[in-house]
Amino acid sequence: MKKILLSLLFLAPTWANAVCNSTYTLPNNEWHLISLPCTPGNNNTVADVLGDDISGTLGEDWAIFKFDATIQSYKSLASTDVVEQGRGYWVIHYNETNDSSVELDMPPSSTATGAEQSAQCSSENGCFNIPLHASQNEIQLNMLGYPYTNNHAWNTTQIVTNGSCQSPACTVNQASSDDKNILENKVSLYVANQGYITVNNSGELTPWSGFWVTTLENASEEGQPQLLIPIPTDSVIDEPSTDHPIPEIAEIDKLNILALINQARSQARSCGSSSFSAVPAVTWSNKLYKAAYEHSQDLAISNTFSHSGSGTESDWSGFALNKQSDVSDRLATYGYNWNSYGENIAAGQRTLEDAIQGWIDSPGHCQNIMSSDVTEIGMAKVINSSSNYEYYWTQVFSRQR
């Protein structure tokens with residue numbers, strides 16, 4: 001009987017964060033107030049983020065400064081200093097022989113900005129939290145950075161404190177009222193050749209923009225003021241973008257999948273050389289099921305076996321993009337806004353039990369099953385008797401952003 005269980009050992013399971021690509025044009029000999037629109041991960045030094053884009057010697061041919069709110073003064077950065085999301089940075093480069101701009105981009109390993117879920121955040125998709133500096137009975141400047149690749153309406157920003165803006169959080173207009181006196185309800189942006197401009201109400205913050213906010217006299221007394229920036233709604237895909245029919249999975253099949261996976265997760269186990277404690281149960285996601293079904297039917301029809309789609313008409317997500325799809329493409333197709341994901345595939349196993357046991361016995365795939373970073377699962381089987389292995393299985397784990 002044809003089976004492809006062993007070949008899974010040679011295919012590394014996919015586990016990744018959302019890749020984030022964004023660029024910014026920095027003209028020659030102009031100061032720009034910028035921020036990081038993506039999370040740079042471990043590649044987060046000045047040299048990592050900017051040094052590969054700007055030629056010359058830092059301190060001679062270009063410069064970068066941050067604002068230290070505790071002393072209300074600027075500090076120049078060295079190439080080994082870390083740059084962070086949520087901060088603003090002044091950057092300039094000089095080239096006396098060439099007046100051309102440079103294109104700033106994020107390191108290749110950068111990922112999409114995450115969001116923290118909290119009761120105070122007005123968005124069900126989460127907020128990016130930025131601590132604010134405040135001083136008792138004083139007005140204090142904070143030079144911050146906008147952290148997303150989509151635009152943001154300033155008046156949807158919130159303020160949370162340990163005092164009157166704790167539950168619920170305050171809007172920026174509420175925080176600026178006379179009875180609270182916590183934060184000015186506007187920000188200042190610097191535009192080269194124009195100077196400072198004011199953004200308030202429904203005015204927008206944009207990717208790569210640094211900005212100034214001002215904490216007011218009561219902010220320190222309120223305790224630990226933070227700016228909450230909701231993840232932009234246009235970065236969240238809500239509706240599927242495919243017209244291909246996907247059959248509903250039988251309730252009994254769904255329950256059997258969950259029972260077997262959660263039974264495995266409920267027990268401590270070794271996945272090769274890695275040891276895992278028991279982890280919480282996952283729940284079913286129809287969006288993950290649809291992504292899994294698309295890939296299983298693509299493998300079955302195209303007679304291929306890979307985490308990449310075939311790039312043919314049966315690779316619905318990839319064909320629409322004129323490429324071979326990857327897992328993130330398929331998740332986007334079905335409106336799953338993810339923080340991280342994992343995918344296991346198998347071919348030739350006739351029963352659900354055989355497919356799942358094969359993954360448990362394979363160290364890399366076992367690690368996906370035992371990951372504490374995921375909360376949901378979808379899984380699908382497609383049969384094609386004319387293909388090499390007849391039975392094709394795809395299992396997708398994820399956690400929503």
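Is the crossing of α4 and α8 left-handed or right-handed? The crossing of these two helices is right-handed. The model is predicted.

**Helices α4 and α8**

- Helix α4 spans residues 251-265, and helix α8 spans residues 352-361.
- The two pack at an angle of about 25°, and their axes lie 11 Å apart.
- Angles under 35 degrees count as roughly parallel, so α4 is roughly parallel to α8.
- On the α4 side, the contact is made by Asn256, Ile257, Leu260, Ile261 and Ala264.
- On the α8 side, Leu352, Glu353, Ile356 and Ile360 make the contact.
- Sorted by class, the contact of α4 with α8 has seven nonpolar residues, one polar and one charged.

**Sheet β3-β6-β4-β5**

- This open sheet has four strands, in the order β3-β6-β4-β5.
- The pairing is antiparallel.
- Strands β3 (32-34) and β5 (73-76) stand at the edges.
- Each of these edge strands has a single partner strand, so one side of each is left without a neighbour in the sheet.
- From one strand to the next, the twist averages 35°.
- Strand β6 covers residues 89-93 and is joined to β3 by three bridges.
- β3 and β6 run antiparallel.
- His32 stands opposite Val91 in β6.

**Aromatic pairs**

- The structure holds 14 aromatic pairs.
- One of them is formed by Trp31 and Trp90.
- Their geometry is edge-to-face, at 6.5 Å centre to centre and with 90° between the planes.
- Trp31 lies in the loop between β2 (23-26) and β3, while Trp90 lies in strand β6.
- The pair therefore ties together parts that are 59 residues apart in sequence.

**Sheet β8-β17-β11-β12**

- Another open sheet of four strands has the order β8-β17-β11-β12.
- Its pairing is antiparallel.
- The edge strands are β8 (127-131) and β12 (170-171).
- Each of the two pairs on one side only.
- Five bridges join β8 to strand β17, which covers residues 226-230.
- β8 and β17 run antiparallel.
- Cys127 has Pro230 in β17 as its bridge partner.

Conventions: Residues numbered from 1 in each chain as written. Predicted model: local features only at pLDDT ≥ 70, side-chain atom pairs only at ≥ 80, totals over all residues. Heavy atoms only, no water. Axes fitted to C-alpha atoms, helices over the stretch in contact; angles between N-to-C directions. Parallel < 35°, antiparallel > 145°, perpendicular 65-115°, else oblique. Left-handed = near helix turned anticlockwise from the far one by under 90°. Contact = heavy atoms within 4.5 Å. Nonpolar A, V, L, I, M, F, W, Y, C, P; charged D, E, K, R; others polar. Pairing = 2+ DSSP bridges. Phe/Tyr/Trp six-rings, centres within 6.5 Å; stacked < 30°, edge-to-face > 60°.
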